[in-house]
Amino acid sequence: MADRNELTDPGPATPDTSDWTWVVTRRCPDCGFDPNEVSPLAVTEVVRDDKRRYAAVLGRADVRARPAAGVWSPLEYSCHVRDVCDVMRGRLEQILAGGGHETVRFANWDQDAAADEGAYWRSDPGVVRGELEAAFDAAAEAFDRPDGDEWNWAGLRSDGSEFTARTLGLYFLHDLTHHLWDVRG
Ligand SMILES: [Zn+2]
């Protein structure tokens with residue numbers, strides 16, 4: 001294991017400014033995730049399975065290697081999905097706490113600022129693995145909670161994109177699937 005004091009800051013990766021909300025209705029040509037083939041009831045099961053796959057990625061020898069300039073390393077992607085789990089769980093909890101009476105509003109989450117502030121690149125893979133497993137477990141439990149019409153309760157992102165508990169779950173699953181494709185996990 002490299003001494004973290006000897007690591008060099010690779011600088012910020014190229015920000016992803018794409019609008020990915022279409023992935024809740026259409027198949028992703030990159031990672032193959034098809035929202036029409038996934039039931040939101042399966043979110044918990046898939047999250048548990050993906051947890052094991054990301055944990056394996058964190059044990060790889062190339063975990064710190066950026067595959068190309070401006071592209072996150074497997075370690076940086078793993079830090080990202082750890083945080084995605086927390087953000088998506090928080091948003092689902094917010095929807096459920098709203099009781100379906102109103103469209104709740106999510107706080108903005110800037111994933112590139114999070115990567116910078118969290119210094120993803122200099123994280124310890126072993127520490128990240130523990131944090132990631134806990135975040136995946138908590139998210140899996142949260143998405144096991146909605147029942148019946150609760151899946152249709154709504155939440156609004158700060159950029160105006162509207163989600164329901166169901167489409168939030170699909171969006172979340174695509175993110176996990178796509179980043180496994182990114183890291184060949
Ligand atoms: Zn994808």
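In the predicted model, 34% of the 185 residues of the chain count as buried. Five helices and three strands make up the secondary structure of the chain. Read from the N terminus, these elements follow the order α-α-β-α-α-β-β-α. The radius of gyration of the chain is 16 Å, close to the 16 Å given by the globule rule for 185 residues, so the chain is as compact as a globular protein of that length. Along the principal axes, the C-alpha atoms occupy a box of roughly 55 × 30 × 30 Å. When contacts between residues at least 6 apart in sequence are considered, 78% of them join residues at least 24 apart.

Helix H5 spans residues 165–182 and contains 18 residues. The distance from its first C-alpha to its last is 26 Å, close to the 26 Å expected at 1.5 Å a residue. Most of H5 is covered, with 13 of its 18 residues buried. After H5 comes Arg184, which has a positive phi, near 55 degrees.

Val87 is part of helix H2, which covers residues 74–97. Val87 counts as partly exposed because it has 18 C-beta neighbours inside 10 Å, whereas a buried residue requires 20 or more. Between the C-alpha atoms of Val87 and Gly155 there is a separation of 13 Å, and the two residues lie 68 residues apart along the chain.

Methods:
Residues numbered from 1 in each chain as written. Predicted model: local features only at pLDDT ≥ 70, side-chain atom pairs only at ≥ 80, totals over all residues. Helix = DSSP H or I, 4+ residues; strand = E, 2+ residues; numbered from the N terminus. Expected span 1.5 Å × (residues − 1). Buried ≥ 20, exposed ≤ 12 C-beta atoms within 10 Å, placed from the backbone. Rg over C-alpha atoms; globule rule 2.2 N^0.38 Å. Contact = placed C-beta atoms within 7 Å.
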